[in-house]
Amino acid sequence: MLNKIKRKAPLAYFIVSRIITMFVLLFLLGFALFGLMELAPGDIVDQMMAQQIMVAGQGETSANRAGADNAFSEEQLAKTRAEFGIDKPFYIQYFKWLKRVVVDHDLGVSLISRAPVSFLLSSRIGNSLLLNLISLVLITIFSFLLGVYFSSKAGTRLDVGVTFFALFFHAFPGILLLILFQLIASVTGLFPVTAYPDFPFSEAPVKFTFSYMHHIFLPLFCSFLGGVGGTMRTIRATMLDQLGMPYVFALRARGISERRVYLNHAFRNTLNPYITGSANLLASLFSGSLIMEIIFAYPGVGRLTYEAVLQHDINLVLANSMFISFLVLLGMVISDILLAVVDPRIRYGAEK
């Protein structure tokens, strides 16, 4: 049955199989996340107990300190863990969470703030998606422009110089570059040290837009420098490889203009490796934006995940991590589908 469907509709079969694989990976990832959180020392109840003791410890009397010591007895700790549902083994917690998400369509509540996880995510998702989409568009446009242009200047001094700087920034640690740029912003005062305006969009939409562009310029420039180098070199190398192919010599022998050879033929074949690697680029952008959000205090999903991990807020950690993983896996599926559409030579499941 499956082989028959595979022969009749190989591309549809491939897409469905990739989507099924994506959900299987998400299931395994969630299971692993629950296990890792279980291995981490302490839990959210310990965090609450420590905060209570610190607050009570600010008093001067020994009676306050004694009250803090007695505030959490073993029975109370066990009761609190049972209320939060963290007294069971991690795999039971995971399947309960999975049932609540799939059947009830409920991500639960944050164990710290007691706010719905869906509300916390919705307030941050747009910020992270906007930042990463801007980075992806800028890196893609400039990578193709620079890669195609410098493939025609291969071996020149300009090509060697640009390739050197591209390798330098591609190999430079991203976290150190972000810290250096924040120091520059702090010393010069030309740019804010935070990456988000201090007033909402609804208050003044036009002013917010310009302020937002001003705030994200430095972190966006860091992301651009780190991402454009490797992508540009890939496109440049692919263009040079295509220009050495026999079909290019045949096109030139037929009198086809160099512009058409570059743009209509060689350029199209550079799309294949870029589409294949675009999913990895999306993953690197999200992982890099997590560090950027922490350093530049950007209110995105990455910073929310970081704070949730520190507080052992398992509901928030799992929802954030699964969302980011879903975007990365979805990017891989889309890149495979686009690759099949762009390259007509690919025939998934075709018989040899």
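Student: If contact means heavy atoms within 4.5 Å, what share of the contacts in the protein between residues at least 6 apart in sequence joins residues at least 24 apart?
Tutor: In this predicted model, 71% of the contacts between residues at least 6 apart in sequence join residues at least 24 apart.

Student: And how many helices and strands are there?
Tutor: The secondary structure comes to 15 helices and zero strands, and of the 352 residues of the protein, 37% count as buried.

Student: Which residues have the most contacts inside the largest nonpolar core?
Tutor: Those are Phe-34, Trp-97, Leu-316 and Leu-318, in a core that has 22 residues. The elements giving two or more residues to this core are helix 2 (10–39), helix 6 (90–102), helix 7, helix 14 (301–310) and helix 15 (314–342).

Student: Which of them gives the largest share?
Tutor: Helix 15 does, with eight residues of this core.

Student: What does Phe-34 touch, leaving out residues up to four places away in sequence?
Tutor: With those left out, Phe-34 touches Phe-90, Gln-93, Tyr-94, Trp-97, Ile-314 and Leu-318.

Student: Switching to helix packing, at what angle do helix 8 and helix 10 cross?
Tutor: Two packed helices are described by the angle between their axes and the distance between the axes. For helix 8 and helix 10, the axes cross at roughly 130° and come within 7 Å, and that makes helix 8 oblique to helix 10. The crossing of these two helices is left-handed.

Student: Which residues meet there?
Tutor: On the helix 8 side they are Asp-159, Val-162, Thr-163, Ala-166, Leu-167, Phe-169 and His-170, and these meet Leu-225, Gly-226, Gly-229, Gly-230, Met-232, Arg-233 and Arg-236 in helix 10. By class, the contact of helix 8 with helix 10 has six nonpolar, five polar and three charged residues.

Student: Take Thr-163 from that list: is it buried or exposed?
Tutor: Thr-163, in helix 8 (residues 157–171), has a relative accessible area of 16%, and because buried means under 20%, Thr-163 counts as buried. Leaving aside its neighbours within four places in sequence, Thr-163 is in contact with Arg-233 and Arg-236.

Student: How far apart are the axes of helix 10 and helix 12?
Tutor: The axes of helix 10 (residues 205–243) and helix 12 (residues 258–269) are 9 Å apart, and the two helices pack at an angle of about 115°. That makes helix 10 roughly perpendicular to helix 12. Helix 10 passes helix 12 in a right-handed crossing.

Student: Which residues make that contact?
Tutor: Thr-238, Met-239, Gln-242 and Leu-243 in helix 10 meet Val-261, Tyr-262, Ala-266, Phe-267 and Asn-269 in helix 12. The residues of this contact divide into six nonpolar, three polar and no charged.

Student: What about Asp-241, where is it found?
Tutor: Asp-241 is found in helix 10 and, at 44% relative accessibility, counts as partly exposed. The C-alpha atoms of Asp-241 and Ala-266 are separated by 9.0 Å, although the two residues are 25 residues apart along the chain.

Student: And in which helix is Val-137?
Tutor: Val-137 lies in helix 7 (residues 117–151), and at 46% relative accessibility this residue counts as partly exposed. Val-137 and Phe-224 are 87 residues apart in sequence, while C-alpha to C-alpha they are 10.0 Å apart in space.

Student: Now the backbone: what is the phi of His-105?
Tutor: Most residues other than glycine have a negative phi. His-105, although not a glycine, has a positive phi of about 55°. His-105 sits in the loop between helix 6 and helix 7 and is exposed, with a relative accessible area of 69%.

Student: Where is Ala-297 found, and what is its phi?
Tutor: Ala-297 is found in the loop between helix 13 (271–295) and helix 14. Its phi is positive, about 55°, although Ala-297 is not a glycine. With a relative accessible area of 27%, Ala-297 is partly exposed.

Conventions:
Residues are numbered from 1 along each chain as its sequence is written. This is a predicted model: local features need pLDDT of at least 70, side-chain atom pairs count only at pLDDT 80 or more; totals for chains, interfaces and linings use all residues. Side-chain values use heavy atoms; hydrogens and water are left out. Axes are lines fitted to C-alpha atoms, for helices over the stretch in contact, and angles run from 0 to 180 degrees between N-to-C directions. Helices (H or I, at least four residues) and strands (E, at least two) are DSSP runs, numbered from the N terminus. Angles under 35 degrees count as roughly parallel, over 145 as roughly antiparallel, 65 to 115 as roughly perpendicular and the rest as oblique. A crossing is left-handed if the near helix is turned anticlockwise from the far one by less than a right angle, and right-handed if clockwise. Contact means heavy atoms within 4.5 Å. Ala, Val, Leu, Ile, Met, Phe, Trp, Tyr, Cys and Pro count as nonpolar, Asp, Glu, Lys and Arg as charged, and the others, Gly among them, as polar. Buried means under 20% relative accessible area, exposed over 50%, partly exposed in between (1.4 Å probe, protein chains only). A nonpolar core is a set of buried Ala, Val, Leu, Ile, Met, Phe, Trp, Tyr and Cys residues joined through side-chain atoms within 4.5 Å.
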